[in-house]
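Open the model in your viewer and keep the selection panel handy. Follow the stops below in order.

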Amino acid sequence: PCLATAADDDLTRWRKDPDNPVIEELPDDPDVLQTEDWDGEFRDHCVWREDGEWHPLIGAGIADGGGAALLYSSRGRREWEYRGPVLAGDRDTGGTVWECPELVDFGKKQLLHVSNYEDVVYFLGRYDDGEFEPQHHGKLDHGDFYAPQSMWTDDGRILTWGWIQEARDVSAQWDAGWSGAMSVPRELSLADDGGLSQRPAPELTDLRGEHIGYDDQSLGADERVALDIESRRFELRATIGLEDAESVELTVLE
């Protein structure tokens, strides 16, 4: 972990601290996983300030298996005290290495999510003084969604963005001149039953264009109907009845 300070209000220029790194050693407990590629699986920071202290969470892999979110604290941002793991999990619970941990405060409950090379695993529960007590855990997204980071809006909502990872091979990415994309923002909140709720951010409705409506479509087995839409971007709202079928298929970009 290193320190840099903004050199202008637009955050376009930064000054690296001459005393970097500000945390020079891996923690002794737990024993951090070492691999051929890394001296230590120890990276990715979620930093917040509370009661005059800075608190970063750092993702890690554990030598004995599983991952962890490790907590430090500092008042001056130069001398950092290691507090230990706020939560650790075995491979079955959260994967081998926990990347990009983030702690989100909903007031009544807190959300801790980590990314484990494949999925975003979340834990919902209570965080207090360096320890997280999970009450529920699950998968935040079942698609190509990784390493989300969040922000608080002026009206108190929590919006989060994820990294949409690549499915193309490397040569296709080079040919295109770009790689990966950010997801559309989603709003996170607590559901009425105390679980986690997420929905597209309401601001996305400003992007809506022409509205196209269709009457009820009735299809027999193996029948298809083509909707008269030509666009790489659209929003679909539909109610689907399966009175005499086990499934329905929606095909896009075909």
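Predicted model: local features only at pLDDT ≥ 70, side-chain atom pairs only at ≥ 80, totals over all residues.

Eight bridges join S9 to S10, and the two strands run antiparallel. Next, go to the turn. S9 and S10 make a hairpin, with two residues between them. Click Asp 129 in that turn: its phi is positive, about 50 degrees.

Step back along the sheet. Select S8, residues 110-115, together with S9, residues 120-128. This pair is antiparallel too, joined by six bridges. One of the partners to find is Ser 115, whose bridge partner in S9 is Val 120.

Now show the whole sheet. Four strands lie in the order S7-S8-S9-S10, paired antiparallel, and the sheet is open. Which strands stand at the edges? They are S7 (99-105) and S10 (131-139). Each has a single partner strand, so one side of each is left without a neighbour in the sheet. Look along the strands for the twist: from one strand to the next, the twist averages 25 degrees. While you are there, check the side chains. In a regular strand they alternate between the two faces of the sheet.

Last stop: the cysteines. Cys 46 is buried, at 9% relative accessibility. Cys 100 is buried as well, with a relative accessible area of 17%.

Note on methods: Residues numbered from 1 in each chain as written. Heavy atoms only, no water. Pairing = 2+ DSSP bridges. Axes fitted to C-alpha atoms, helices over the stretch in contact; angles between N-to-C directions. Buried < 20%, exposed > 50% of the residue type's maximum accessible area, 1.4 Å probe, protein only.
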